[in-house]
Amino acid sequence: MKPAIKPKDIIYNDFVIRFANVNGSGSASANGMFAHAIFRMGVPVTGRNIFPSNIQGLPTWFEVRVNERGHLGRRDGADIVVAMNAETYVQDVDALLPGGYLVFDSSKPMARTLRARRSDIHHIGIPIANLLVHEFADAKQRALFKNIVYLGALAELLEIDMDVLKHMVDDQYRGKDALIAPNYHALDIGSGYARDYLGEHLRFRVRPSDQVGNRIIVDGNTSAALGALYGGASVCAWYPITPSTSMAEAFEKYAAQHRKDPDSGQIKAAVVQAEDELSAIGMVIGAGWNGARAFTCTSGPGVSLMNEFLGLAYFAEIPAVLFDIQRAGPSTGMPTRTQQSDILLSVYASHGDTKQIVLLPSSPKECFDFAADAFDLADRLQTPVLVLSDLDLGMNDHLSEPFEWDAERRYDRGKVLSADDLDRMDQFSRYLDVDGDGIGYRTLPGAHPDKGAFFTRGTSRDEHAAYTEAPEAYIRNMERLLVKWDTAKTLVPKAEIDQRGTDANANANDMGVIYYGSTEAAMGEALELLSERGIQLDAMRIRAVPFGDEVVRFIAAHETLFVVEQNRDGQMRQLLIAELGEHGVASQSLHSILYYGGLAISAGEIYEQILSWIEEQMRERMRPRVLKFS
Amino acid sequence: MTFVAKPTARHPSLKINEIGLTRRDYEGSVSTLCAGCGHDSVSAAIVSACAELGLPPHKFLKISGIGCSSKTPNYFLGHSHGFNSVHGRMPSVATGASLANKELYCLGISGDGDSASIGFGQFAHIVRRRINMLYIVDNNGTYGLTKGQFSATNDLGSTSKRGVPNLYEPIDLVSMAMQIGATFVARSFSGDKRQLVGLIKAGLMHRGFSFIDVISPCVAFNNHNGSTKSFAHMRNMQREVVSADYVAPQVEMQIDYAAGETEDVTMPDGAHLRLRKLHSDYDPHDRLHAINYLGERGREGEVVTGLLYVKSDTENTHDILNLVDTPLNSLDEEDLCPGLDALESINQSFR
């Protein structure tokens, strides 16, 4: 008989559970329901899908982190493992932290034989297959309901509200009512078995909380699609590629609902699945040139293919919006794993001298906001805007502030001349910097019978859009594009700066951390862990390229800065040095903290690396010096 | 060729069309192509066709890729916007531009290198997507700007200027277009102005995807004996099967044709395409017949020209995507932004 768990040992709303399943076995919906039920109990939660590039048969994991304090980055080590895949059984058992719980199907002989592998964990066998044999005649149902049975058992063991779970079943099968009763039944089989045969609940438990507030739980791709919808996108051209596909599909779905003309049933948005990424970006540029708000969504391989067109759009000054949901590269790399490795590719996309605007959202709310903003920026600056999300942010559900929209907001269409404007003008000069911000005025095809037409080309032209190969005209144009780049610095989202390390007496802190994008999920926790060790770091989250003055000031104010990134080469660090070198940003003060294994970066990883760097420095300082005389 | 600007004065004998404009209002900048280039004749034919149709000269989208052909949109319809884009990618840019504003006439100009090699994929896919546009290939069988390499439409055995034979099978864009579902497919010759102007008019007014492959000899690199894309070869080997012209609603035009059988194809706007069949054994409504016929005559060394295939009542991309009638580029916040109530219910769906 196991000793009873003492009340003080019970851990509420703080654990990691890993579901190990076989791809295509219907586990995704059950595991999603598990996370969502906890969310509905008011407890901060996030679920990460770790999946193979495969449709059916390969191993897949779903890792749920529950954390009352809202630390929802990936955490290493699992407290509970639901091991439903014999193929990965050994590694799944090994992933458990000491004292953790292994939930397995005890009808399977292999699970029993592997019991001896760990003695420092709790084994919770549920004869899932056997329980189902007696209850469901159909083999397919038996396979699907396996997931629901363990869901029911977990609800009992973790004290998840069964009513909440059953409501989720209602929501999920609305319109397919025949499926509700058997799902209820499977849940009850699981919870009944746990109640009758497993005795005590686990040390980890869920209890209702108020920490969710009015937040929502949603993935970044859906959020970005909605941002594009609210931001006025009317053309979406795309080519299927993981992990971006769900963004185009979400846009198409929401456009069909919210852009339908009530009278005619016609749609106010064109969604075109192109033959490849070259074509997708070509369509976006054609539509942007002709005044429609257009976007594409892709991943690194797509951005590589789009490079020539991105250079054209930069030089010909055409608005375009591109969402790059980054994945591990190079080449097809690890198509279903996350990374932040397209930073340099995106900022300098194309041959020749190019600098592209890049936005770096860190949450679903920002995916929504930046998506909408990207269209205003692209129109205002007459240039491509690349929004860089990643697989972790894009495809996993994250807790997020709800989406907001200002009813008074008007789209910024930038400098587009109407027929009336043209009538009032003596001469139209497409590429003349009239306002000193590096941005010329443009016209749309068909606007005026005899004024404002011009010929757009990727080859050199003068201020009046006339072809020329005159060196001075080319240089003037390229210099003007740099003026525009400076204008962009004032328009893109500013970096978010947290001077947490600077004390009340305003003594300057000489250490800080720079990060961006989905790393935010782990960063708050990492800073807390460091703080507990007495290491106070200021923090700056970069939200866009080009870098604004605040980025220069933050870097100048700190002697030591850690640049946290999810790539091998420290791409943001390189970019900061390249772009801000003339402002005194030097390589010596920037230290890379990197993780690029394809999983989301964890707080522990950041903490360990920064701590060991600091400790190394201290050891270095303490070391007695031996002076050598030659 | 010449860099002298065109005079703006109108010659008193220039005809005024139904919207009060002359041919000069449809011209563009002075061409910089070689003197005698077939492409300039194609540009001239576009000018004539648009002037004769009385279309507003600023209501066009002129889109091209890269190459000699793709420079030409600068040489006609100077009141319209043009876009000289990326090599082989005109179809995608045209697709986007056409989606943004369905009310403009979309005219794509490409070459044989642009459409049959680097852009072969885009060519195939714009055909199957059925964009409402006229796609013209100025086909000279050679890469002119890079000094005379063979292109993919060059015939097997046809020789270069230095007498070297081409060793590879040609790609026939006309057969391809019919194969993939184009609803207006024609081939013409830049030296046959009467035929070409009629086809361009018909192609512009066809509601759907129209394709004209124009054999347009390159005077610098591919107009010698031994070339199958020379003026001389075309004059000898051209076999016109069906000529076409556009007959506006309620306008009966006198067509200057010899004997032969005519047939009017009714278009959605009430206008007609008037077809004149010059060979009784040719049926321009039977796709498979047309593809076979081209192959058979080609084996004899003949180049079949004219309106090779037409199907008038078809859907185009706007119909297929069920798009609103208002051009997408003129939709405003009212049309595009779903509003706060919708956002609240969207938020609620994620709770």
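I take a nonpolar core to be a set of buried Ala, Val, Leu, Ile, Met, Phe, Trp, Tyr and Cys residues joined through C-beta atoms within 7 Å. A residue is buried if 20 or more other C-beta atoms, placed from the backbone, lie within 10 Å of its own; it is exposed at 12 or fewer and partly exposed in between.

**Entry 1: ground rules.** I note that this is a predicted model, in which local features need pLDDT of at least 70, side-chain atom pairs count only at pLDDT 80 or more, and totals for chains, interfaces and linings use all residues. Residues are numbered from 1 along each chain as its sequence is written, while chains are lettered from A and ligands numbered from 1 in the order in which they are written.

**Entry 2: the cores.** I looked up the largest nonpolar core, which has 273 residues; A:Val81, A:Val235, A:Val284 and A:Val387 touch the most other members. Helix H5 (residues 139–158) of chain A gives the largest share of this core, 11 residues. Helices (H or I, at least four residues) and strands (E, at least two) are DSSP runs, numbered from the N terminus. Apart from that core lies another of five residues, including A:Tyr431, A:Ala453, A:Phe454 and A:Ala465.

I then listed the contacts of A:Val387, a contact being two residues whose C-beta atoms, placed from the backbone, lie within 7 Å. Leaving aside neighbours within four places in sequence, A:Val387 is in contact with A:Ala224, A:Val321, A:Phe323, A:Leu359, A:Pro361, A:Phe370, A:Ala371 and A:Ala374.

**Entry 3: chain A as a whole.** I find 20 helices and 25 strands in chain A. Its radius of gyration is 28 Å, close to the 25 Å that the globule rule gives for 630 residues, so chain A is as compact as a globular protein of that length. The radius is taken over C-alpha atoms, and the rule is 2.2 Å times the number of residues to the power 0.38. The C-alpha trace of chain A spans about 90 × 85 × 40 Å along its principal axes. Of the 630 residues of chain A, 52% count as buried. Among contacts in chain A between residues at least 6 apart in sequence, 75% join residues at least 24 apart.

**Entry 4: domains.** Chain A is divided into domain 1 (7–205), domain 2 (217–400), domain 3 (416–491) and domain 4 (496–622); such bounds come from an automatic or database domain assignment. I checked domains 2 and 4 of chain A, whose C-alpha centres lie 28 Å apart. Here 21 residues of domain 2 are in contact with 20 residues of domain 4. On the domain 2 side, the elements giving two or more residues are helix H12 (343–347), strand E14 (357–359), strand E15 (384–390) and helix H14 (391–395) of chain A.

**Entry 5: strand E12 of chain A.** All five of the five residues of E12(A) (residues 294–298) are buried, so this strand is largely enclosed by the rest of the structure. A:Ala294, A:Thr296 and A:Thr298 point one way, and A:Phe295 and A:Cys297 the other way. I count strands as paired if DSSP finds at least two bridges between them. E10(A) and E12(A) pair in the parallel sense over two bridges, with A:Val235 opposite A:Ala294. Four bridges join E12(A) to strand E13 (residues 320–326) of chain A, also in parallel; there A:Thr296 has A:Leu322 as its bridge partner.

**Entry 6: the contact between chains.** I find 54 residues from chain A and 47 residues from chain B in the contact. H10(A) supplies the largest share of the chain A side, nine residues. Three bridges join E19(A) to strand E2 (residues 81–84) of chain B, and the two run parallel. B:Gly82 is the bridge partner of A:Phe455.

**Entry 7: backbone exceptions.** Most residues other than glycine have a negative phi, and most peptide bonds are trans. I noted a cis bond from A:Thr242 to A:Pro243, with omega near 5°; A:Pro243 is in the loop between E10 and helix H9 (245–258) of chain A. Another cis bond joins A:Val545 and A:Pro546, with omega about 10°. Phi of A:Asn13 is positive, near 55°, and A:Asn13 is buried, with 21 other C-beta atoms within 10 Å. A:Gln382 has a positive phi of about 50° and counts as buried with 24 C-beta neighbours inside 10 Å.
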